[in-house]
Amino acid sequence: MDFYDTVKLNRSYRGYDESVAISRDKMLKLIDYTRFCPSSINFQPFKYFISCDKDTNAKIQPLTGWARRLQAKMTLPREGHMPTGFIVICYDAAIGPNAQRFSKDIGIVAQTILLGAVDMGLGGCMIGNFDPQKVKEAIALEDGLEPVLIVALGKPDEKIVITDVPKDGDIGYYRDEDDVHYVPKRRLEDIVLN
(Lines give C-alpha, C1' and ligand atoms only; values in the text may rest on other atoms or scores of the structure.)
Protein backbone atom coordinates (compact mmCIF):
# COMPACT_ATOMS: atom_id res chain seq x y z
CA MET A 1 0.00 0.00 0.00
CA ASP A 2 1.38 3.43 -0.87
CA PHE A 3 1.33 6.32 1.57
CA TYR A 4 -1.66 8.04 -0.12
CA ASP A 5 -3.77 4.91 0.46
CA THR A 6 -2.54 4.66 4.05
CA VAL A 7 -3.63 8.25 4.73
CA LYS A 8 -7.05 7.67 3.13
CA LEU A 9 -7.60 4.53 5.23
CA ASN A 10 -6.77 6.45 8.40
CA ARG A 11 -10.32 7.41 9.33
CA SER A 12 -11.93 8.06 12.71
CA TYR A 13 -13.41 4.60 13.18
CA ARG A 14 -16.24 4.26 15.68
CA GLY A 15 -17.01 0.58 15.19
CA TYR A 16 -14.67 -2.38 15.68
CA ASP A 17 -14.57 -6.17 15.40
CA GLU A 18 -14.34 -7.15 19.06
CA SER A 19 -13.12 -10.65 18.15
CA VAL A 20 -9.79 -9.19 16.97
CA ALA A 21 -7.55 -8.55 19.99
CA ILE A 22 -4.50 -6.31 19.82
CA SER A 23 -1.38 -7.72 21.43
CA ARG A 24 0.72 -5.72 23.86
CA ASP A 25 3.63 -6.16 21.44
CA LYS A 26 1.67 -4.36 18.69
CA MET A 27 0.74 -1.60 21.12
CA LEU A 28 4.39 -1.22 22.13
CA LYS A 29 5.39 -0.99 18.47
CA LEU A 30 2.87 1.84 17.94
CA ILE A 31 4.31 3.69 20.91
CA ASP A 32 7.84 3.01 19.71
CA TYR A 33 7.01 4.96 16.51
CA THR A 34 6.32 8.04 18.64
CA ARG A 35 9.89 8.12 19.92
CA PHE A 36 10.97 9.35 16.49
CA CYS A 37 8.38 12.13 16.21
CA PRO A 38 9.36 15.80 16.28
CA SER A 39 8.89 17.47 19.65
CA SER A 40 9.03 21.13 20.67
CA ILE A 41 12.56 21.84 21.95
CA ASN A 42 12.93 18.03 21.83
CA PHE A 43 11.41 17.78 25.33
CA GLN A 44 9.43 14.60 24.49
CA PRO A 45 7.04 15.12 27.44
CA PHE A 46 4.60 12.30 26.73
CA LYS A 47 4.21 8.92 28.36
CA TYR A 48 1.72 6.29 27.28
CA PHE A 49 -0.71 4.06 29.15
CA ILE A 50 -1.53 0.85 27.24
CA SER A 51 -4.86 -0.92 27.55
CA CYS A 52 -5.39 -4.07 25.52
CA ASP A 53 -7.30 -6.30 27.93
CA LYS A 54 -11.07 -6.37 28.39
CA ASP A 55 -11.05 -5.35 32.05
CA THR A 56 -8.95 -2.22 31.55
CA ASN A 57 -10.78 -1.34 28.33
CA ALA A 58 -14.04 -1.57 30.29
CA LYS A 59 -12.72 1.08 32.71
CA ILE A 60 -11.75 3.50 29.93
CA GLN A 61 -14.56 3.09 27.38
CA PRO A 62 -17.41 4.51 29.51
CA LEU A 63 -15.34 7.61 30.23
CA THR A 64 -15.02 8.54 26.55
CA GLY A 65 -17.42 10.54 24.38
CA TRP A 66 -17.67 9.65 20.69
CA ALA A 67 -18.97 11.42 17.57
CA ARG A 68 -20.31 14.52 19.28
CA ARG A 69 -22.02 15.60 16.05
CA LEU A 70 -24.11 12.40 16.09
CA GLN A 71 -24.69 12.07 19.85
CA ALA A 72 -28.29 13.34 19.71
CA LYS A 73 -29.18 10.64 17.17
CA MET A 74 -27.12 7.63 18.29
CA THR A 75 -24.56 6.27 20.69
CA LEU A 76 -21.25 5.14 19.23
CA PRO A 77 -19.55 2.74 19.37
CA ARG A 78 -22.53 0.44 19.25
CA GLU A 79 -22.81 -2.48 21.66
CA GLY A 80 -20.60 -5.33 20.41
CA HIS A 81 -18.38 -2.97 18.36
CA MET A 82 -16.10 -1.51 21.01
CA PRO A 83 -12.36 -0.91 20.50
CA THR A 84 -10.06 -3.68 21.68
CA GLY A 85 -7.31 -1.32 22.75
CA PHE A 86 -6.63 2.18 24.02
CA ILE A 87 -3.50 4.27 24.28
CA VAL A 88 -3.87 7.09 26.78
CA ILE A 89 -1.37 9.81 25.89
CA CYS A 90 -0.22 11.47 29.10
CA TYR A 91 1.70 14.68 29.64
CA ASP A 92 4.49 14.34 32.20
CA ALA A 93 4.71 17.65 34.09
CA ALA A 94 8.15 16.67 35.41
CA ILE A 95 9.54 16.87 31.86
CA GLY A 96 7.85 19.82 30.17
CA PRO A 97 7.32 23.38 31.44
CA ASN A 98 3.60 23.48 30.55
CA ALA A 99 1.20 21.23 28.66
CA GLN A 100 -0.08 23.99 26.35
CA ARG A 101 3.35 24.39 24.77
CA PHE A 102 3.13 20.81 23.48
CA SER A 103 -0.41 20.84 22.07
CA LYS A 104 0.84 20.40 18.50
CA ASP A 105 3.09 17.56 19.57
CA ILE A 106 0.04 15.64 20.86
CA GLY A 107 -1.45 15.60 17.37
CA ILE A 108 1.84 14.53 15.83
CA VAL A 109 2.25 11.48 18.08
CA ALA A 110 -1.44 10.53 17.81
CA GLN A 111 -1.40 10.69 14.01
CA THR A 112 1.78 8.62 13.97
CA ILE A 113 0.10 5.96 16.13
CA LEU A 114 -2.93 5.90 13.83
CA LEU A 115 -0.89 5.67 10.63
CA GLY A 116 1.06 2.81 12.22
CA ALA A 117 -2.23 1.13 13.10
CA VAL A 118 -3.38 1.31 9.47
CA ASP A 119 -0.10 -0.31 8.44
CA MET A 120 -0.95 -3.18 10.84
CA GLY A 121 -4.44 -3.61 9.35
CA LEU A 122 -6.04 -1.81 12.29
CA GLY A 123 -7.72 1.54 12.73
CA GLY A 124 -8.53 3.97 15.46
CA CYS A 125 -10.00 7.23 16.63
CA MET A 126 -8.56 10.18 18.55
CA ILE A 127 -10.78 11.00 21.51
CA GLY A 128 -10.55 14.35 23.23
CA ASN A 129 -14.00 14.17 24.83
CA PHE A 130 -13.24 12.81 28.32
CA ASP A 131 -12.73 14.02 31.87
CA PRO A 132 -8.96 13.82 32.51
CA GLN A 133 -9.38 13.43 36.27
CA LYS A 134 -11.81 10.51 35.92
CA VAL A 135 -9.50 8.76 33.44
CA LYS A 136 -6.50 9.41 35.69
CA GLU A 137 -8.32 7.81 38.63
CA ALA A 138 -9.64 4.88 36.57
CA ILE A 139 -6.17 3.86 35.39
CA ALA A 140 -4.36 4.92 38.60
CA LEU A 141 -1.91 7.40 37.08
CA GLU A 142 0.74 8.91 39.35
CA ASP A 143 0.67 12.60 40.26
CA GLY A 144 2.21 14.74 37.54
CA LEU A 145 0.86 12.57 34.71
CA GLU A 146 -2.16 14.09 32.97
CA PRO A 147 -4.18 12.38 30.23
CA VAL A 148 -4.27 14.71 27.21
CA LEU A 149 -5.69 12.46 24.46
CA ILE A 150 -7.00 8.92 24.15
CA VAL A 151 -6.48 6.84 21.01
CA ALA A 152 -8.97 4.01 20.59
CA LEU A 153 -7.76 1.10 18.47
CA GLY A 154 -9.10 -2.06 16.89
CA LYS A 155 -9.96 -3.85 13.68
CA PRO A 156 -12.41 -1.52 11.88
CA ASP A 157 -15.90 -2.95 11.45
CA GLU A 158 -17.75 -0.20 9.63
CA LYS A 159 -17.83 1.44 6.23
CA ILE A 160 -16.64 5.02 5.90
CA VAL A 161 -17.07 6.93 2.63
CA ILE A 162 -15.22 10.16 1.88
CA THR A 163 -17.25 12.65 -0.15
CA ASP A 164 -16.64 16.18 -1.43
CA VAL A 165 -18.01 19.04 0.67
CA PRO A 166 -21.30 19.99 -1.02
CA LYS A 167 -21.92 23.41 -2.57
CA ASP A 168 -23.71 24.61 0.58
CA GLY A 169 -20.42 24.11 2.50
CA ASP A 170 -21.84 21.65 5.06
CA ILE A 171 -18.88 19.73 6.50
CA GLY A 172 -20.99 17.65 8.90
CA TYR A 173 -20.35 13.93 8.87
CA TYR A 174 -23.44 11.71 8.94
CA ARG A 175 -24.69 8.13 8.75
CA ASP A 176 -27.29 6.74 6.38
CA GLU A 177 -30.00 4.17 7.11
CA ASP A 178 -27.48 1.36 6.43
CA ASP A 179 -25.10 2.80 9.07
CA VAL A 180 -22.57 3.86 6.42
CA HIS A 181 -20.56 6.82 7.73
CA TYR A 182 -20.02 9.71 5.29
CA VAL A 183 -17.28 12.31 5.78
CA PRO A 184 -17.25 15.41 3.55
CA LYS A 185 -13.74 16.65 2.73
CA ARG A 186 -12.73 19.85 0.98
CA ARG A 187 -11.35 19.46 -2.55
CA LEU A 188 -7.65 20.07 -3.21
CA GLU A 189 -8.39 23.14 -5.35
CA ASP A 190 -10.37 24.64 -2.45
CA ILE A 191 -7.48 24.53 0.01
CA VAL A 192 -4.48 25.52 -2.13
CA LEU A 193 -4.05 29.31 -2.04
CA ASN A 194 -1.85 29.78 -5.12
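This is a predicted model: local features need pLDDT of at least 70, side-chain atom pairs count only at pLDDT 80 or more; totals for chains, interfaces and linings use all residues.
Two strands are counted as paired if DSSP finds at least two bridges between them.

**The four-stranded sheet**

Four strands make up an open sheet with antiparallel pairing, in the order E1-E2-E4-E3. Its edges are strand E1 (46-51) and strand E3 (123-127), each of which pairs on one side only. From one strand to the next, the twist averages 25°. Strand E3 is joined to strand E4 (residues 145-154) by 5 bridges, and the two run antiparallel. Within this pairing, Met-126 stands opposite Val-151 in E4.

Two helices lie across strands of this sheet. Helix H2 (residues 24-34) lies across E1, strand E2 (85-92) and E4, and runs at about 165° to E1. Helix H4 (residues 103-119) lies across E1, E2, E3 and E4, with an angle of about 20° to E4.

**The three-stranded sheet**

A further open sheet consists of 3 strands in the order E5-E7-E6, and its pairing is mixed. Strand E5 (160-164) and strand E6 (174-175) are the edge strands, each pairing on one side only. E5 pairs with strand E7 (residues 181-185) in the parallel sense, over 5 bridges. In this pairing, Asp-164 has Lys-185 in E7 as its bridge partner.

| Residue | Location | Relative accessibility |
|---|---|---|
| Tyr-174 | strand E6 | 38% |
| Phe-43 | loop between H2 and E1 | 30% |

Buried means under 20% relative accessible area and exposed means over 50%, with partly exposed in between. Tyr-174 therefore counts as partly exposed, at 38% relative accessibility. Phe-43 counts as partly exposed because its relative accessibility is 30%.

Tyr-174 belongs to edge strand E6. Leaving aside neighbours within four places in sequence, Tyr-174 is in contact with Leu-70, Val-180, His-181 and Tyr-182. The C-alpha atoms of Tyr-174 and Pro-184 are separated by 9.0 Å, and these residues are 10 apart along the chain.

Phe-43 is found in the loop that lies between H2 and E1. Together with Ile-41 and Ile-95, Phe-43 forms a nonpolar patch on the surface. The accessible area of these residues together is about 240 Å².

Notes: Residues are numbered from 1 along each chain as its sequence is written. Side-chain values use heavy atoms; hydrogens and water are left out. Axes are lines fitted to C-alpha atoms, for helices over the stretch in contact, and angles run from 0 to 180 degrees between N-to-C directions. Contact means heavy atoms within 4.5 Å. Buried means under 20% relative accessible area, exposed over 50%, partly exposed in between (1.4 Å probe, protein chains only). Patches are made of residues with over 30% relative accessible area and no salt bridge: like charges are joined within 9 Å, nonpolar side chains (Val, Leu, Ile, Met, Phe, Trp, Tyr) within 5 Å. Accessible areas come from the Shrake-Rupley method with a 1.4 Å probe; for residues, only the protein chains shown count as cover. A salt bridge is a side-chain nitrogen of Lys or Arg within 4 Å of a carboxyl oxygen of Asp or Glu.
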